Amino acid sequence: MKKRLQKKKHLGEFAEWGRQIVILRNRKDGLDEFLDAFIDEAIEANGCYCGGGGSAEKLSFVVELGRRSDNPDARLKRIGERLDTRTDIQNWKAGEEFDLIV
């Protein structure tokens with residue numbers, strides 16, 4: 001398949017990679033402030049996108065980490081470092097990497 005079509009269809013070297021992140025919070029209040037900070041400081045600051053939701057205590061997101069050339073593992077590491085600094089997070093975990101388009 002030609003590169004132009006691979007890029008258009010997000011195949012091969014143009015595949016977009018993502019992971020599911022589950023966050024357990026240790027408080028019920030301040031959800032809006034947490035979400036604003038999470039999206040601004042962890043997701044958008046690393047050039048990523050996310051979608052998801054949940055309750056005040058348990059949140060689940062699918063995070064788009066980019067192409068292989070964007071170093072998705074380093075992006076996830078920076079997101080994790082940001083989550084580790086938060087006192088309102090009890091625990092978080094990331095799932096296996098998967099192709100977002102498939």
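## The largest cavity

The largest cavity has a volume of about 30 Å³. The model is a predicted one. It holds 1 cavity of 30 Å³ or more.

Seven names make up the lining: Phe-34, Ala-37, Phe-38, Glu-41, Arg-82, Leu-83 and Arg-86. Two elements, helix 2 (31-43) and helix 3 (72-84), each give two or more residues to this lining. Helix 2 gives the most, with 4 residues. By class, the lining of the largest cavity has 4 nonpolar and 3 charged residues, and no polar ones.

## How helix 2 and helix 3 pack

Two packed helices are described by the angle between their axes and the distance between the axes. For helix 2 and helix 3, the angle is about 140° and the axes lie 9 Å apart. Angles over 145 degrees would count as roughly antiparallel. Helix 2 and helix 3 are therefore oblique to each other. Their crossing is right-handed.

## Residues at the contact

Which residues of helix 2 meet helix 3? They are Phe-38, Glu-41, Ala-42 and Ile-43. On the side of helix 3, the partners are Ile-79, Arg-82 and Leu-83. The residues of this contact divide into 5 nonpolar and 2 charged, with no polar ones.

Methods
Residues are numbered from 1 along each chain as its sequence is written. This is a predicted model: local features need pLDDT of at least 70, side-chain atom pairs count only at pLDDT 80 or more; totals for chains, interfaces and linings use all residues. Side-chain values use heavy atoms; hydrogens and water are left out. On a 1 Å grid over the protein atoms alone, a cavity is a set of points where a 1.4 Å probe fits but cannot get out, and a pocket is an open set with protein on both sides within 12 Å along at least five of seven lines; lining residues have an atom within 4 Å of a point. Grid points are joined across faces, edges and corners, and a volume is the space filled by probe spheres set on the points. Ala, Val, Leu, Ile, Met, Phe, Trp, Tyr, Cys and Pro count as nonpolar, Asp, Glu, Lys and Arg as charged, and the others, Gly among them, as polar. Axes are lines fitted to C-alpha atoms, for helices over the stretch in contact, and angles run from 0 to 180 degrees between N-to-C directions. Angles under 35 degrees count as roughly parallel, over 145 as roughly antiparallel, 65 to 115 as roughly perpendicular and the rest as oblique. A crossing is left-handed if the near helix is turned anticlockwise from the far one by less than a right angle, and right-handed if clockwise. Contact means heavy atoms within 4.5 Å.
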